[in-house]
Amino acid sequence: MHVLILGGTTEARRLAELLAAERLPGLRVTNSLAGRVSAPRTPPGELRVGGFGGVEGLAAWLREHTVDLLVDATHPFAGTIGFNAADAAATARVPLLALRRPGWRPVEGDRWHEAGSLTEAAAVLPALGRRVFLTTGRLGLAAFAGLSGPWFLVRTVEAPGEPRPPRMEVLLDRGPFTVGGERELLRRHRIDVLVTKDSGGAATAPKLTAAREAGLPVVVVRRPPVPGGVPVVAEPGQAAGWVREAHARRLPPDQVPLTPPRRRSR
Ligand code: NAP
């Protein structure tokens with residue numbers, strides 16, 4: 001049985017680790033990364049890197065490599081690959097499960113301003129603060145390039161290119177982060193507003209706690225839509241259970257149940 005995990009997330013790596021630990025006889029796991037990060041943390045199993053070439057390319061890859069199960073464990077803000085996976089899985093008749101960590105929810109004391117896109121976030125920003133902690137990633141930096149008033153502390157995994165805001169400092173780092181570290185960062189740089197995507201997960205959540213403690217406004221960019229009709233689970237363990245179930249039953253791929261243990265409602 002061959003499982004393809006579309007990855008680039010902590011959860012994808014965790015799923016690969018869980019499957020490796022189970023040592024299911026005859027189970028082959030391939031992890032797929034887009035290749036955006038030069039030194040990615042590599043999961044156990046086989047690894048392939050780079051785009052497939054759209055829906056057709058992915059469907060062809062599934063067929064050529066006799067993939068039996070597909071898990072889309074990509075980031076909630078990877079807006080294209082999830083839809084490609086849904087279309088390609090339908091074309092190649094491969095059962096598909098989406099693994100998506102739940103979004104964050106505001107708690108008492110939070111001063112959140114929701115934005116539908118990075119462009120919307122940039123539009124509301126000048127009214128909220130002058131010293132911005134921007135954590136939305138290097139590829140979306142162009143949306144803030146027209147803002148010459150605020151100063152930005154831009155935290156990214158890889159160095160960002162152009163276009164970029166004229167007044168900014170880059171901090172190269174990658175999670176997990178701690179509340180203590182985030183608190184200190186906000187203090188040292190006299191940050192008065194935070195901008196984040198609703199990425200969810202524990203690794204990057206401490207900045208929200210630190211902002212709440214400091215009474216800072218937070219611009220939260222909402223997630224793009226997920227493809228309809230694809231079963232979704234929130235935990236790597238649930239996705240591992242789906243694979244285990246299919247493996248144990250030794251059913252032909254087209255008879256693997258598409259209903260996961262729990263379905264997340266959005
Ligand atoms: P995207 O807009 O959904 O994807 C753009 C293209 O990149 C896809 O059409 C596909 O190319 C290729 N691609 C994406 N994920 C892939 C994967 N796992 N394996 C092989 N090809 C992949 O995604 P993105 O926002 O550029 O993100 C790229 C990757 O970084 C994703 O895998 C995601 O999990 C990870 N990531 C993204 C974010 C974020 O905020 N967007 C944050 C953390 C990690 P083809 O059409 O040629 O197949």
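This is a conversation about a predicted model and how its chain is arranged.

Colleague: Into which domains is the chain divided?

Modeller: There is domain 1, made of 2–102 + 224–255, and domain 2, which covers 111–221. The model is a predicted one.

Colleague: How far apart do the C-alpha centres of domain 1 and domain 2 lie?

Modeller: Those centres are 30 Å apart. Eleven residues from domain 1 and twelve residues from domain 2 take part in the contact.

Colleague: How much area do domain 1 and domain 2 bury between them?

Modeller: The two domains bury about 890 Å² between them, and 47% of that is on carbon and sulfur atoms.

Colleague: Which residues in domain 1 lose the most area to domain 2?

Modeller: They are Arg36, Arg41 and Phe77, which together account for 52% of what the domain 1 side buries.

Colleague: And how many salt bridges does the rule find across the interface of domain 1 and domain 2?

Modeller: The rule finds zero salt bridges there. Between the two domains there are, however, six residue pairs in polar contact, with both residues at pLDDT 80 or more. On the side of domain 1 that touches domain 2, the residues divide into six nonpolar, two polar and three charged.

Colleague: Turning to the strands, in what order do the six strands of the open sheet come?

Modeller: The order is E3-E2-E1-E4-E5-E12, and the pairing is parallel. Strand E3 (46–49) and strand E12 (232–233) are the edge strands, each pairing on one side only.

Colleague: Over how many bridges do strand E1 and strand E4 pair?

Modeller: Strand E1, residues 2–6, pairs with strand E4, residues 69–72, over four bridges in the parallel sense. Within this pair of strands, Leu4 stands opposite Leu70 in E4.

Colleague: Back to charges: how many salt bridges does the structure hold?

Modeller: The structure holds 14 salt bridges. One of them joins Arg101 and Glu11, whose closest N and O atoms are 3.0 Å apart.

Colleague: What about the backbone: is the peptide bond from Glu162 to Pro163 cis or trans?

Modeller: That bond is cis, with omega near -5 degrees. Pro163 lies in the loop between strand E8 (151–156) and strand E9 (168–172). The peptide bond from Gly175 to Pro176 is also cis, and its omega is near 5 degrees.

Colleague: Where is the place of Pro176?

Modeller: Pro176 is found in the loop between E9 and helix H5 (179–188).

Colleague: One last point: is the phi of Thr66 positive or negative?

Modeller: The phi of Thr66 is positive, at about 40 degrees, although Thr66 is not a glycine. Thr66 is located in the loop between helix H2 (54–64) and E4.

Terms used. Residues are numbered from 1 along each chain as its sequence is written. This is a predicted model: local features need pLDDT of at least 70, side-chain atom pairs count only at pLDDT 80 or more; totals for chains, interfaces and linings use all residues. Side-chain values use heavy atoms; hydrogens and water are left out. Domain bounds come from an automatic or database domain assignment. Contact means heavy atoms within 4.5 Å. Buried area is the accessible area (1.4 Å probe) that two parts lose on being put together, summed over both. A salt bridge is a side-chain nitrogen of Lys or Arg within 4 Å of a carboxyl oxygen of Asp or Glu. A polar contact is a pair of N or O atoms within 3.5 Å; within protein, one must be able to donate a hydrogen and the other to accept it, and residues adjacent in sequence count only if both atoms are side-chain atoms. Ala, Val, Leu, Ile, Met, Phe, Trp, Tyr, Cys and Pro count as nonpolar, Asp, Glu, Lys and Arg as charged, and the others, Gly among them, as polar. Two strands pair if DSSP finds at least two bridges between them. Helices (H or I, at least four residues) and strands (E, at least two) are DSSP runs, numbered from the N terminus.
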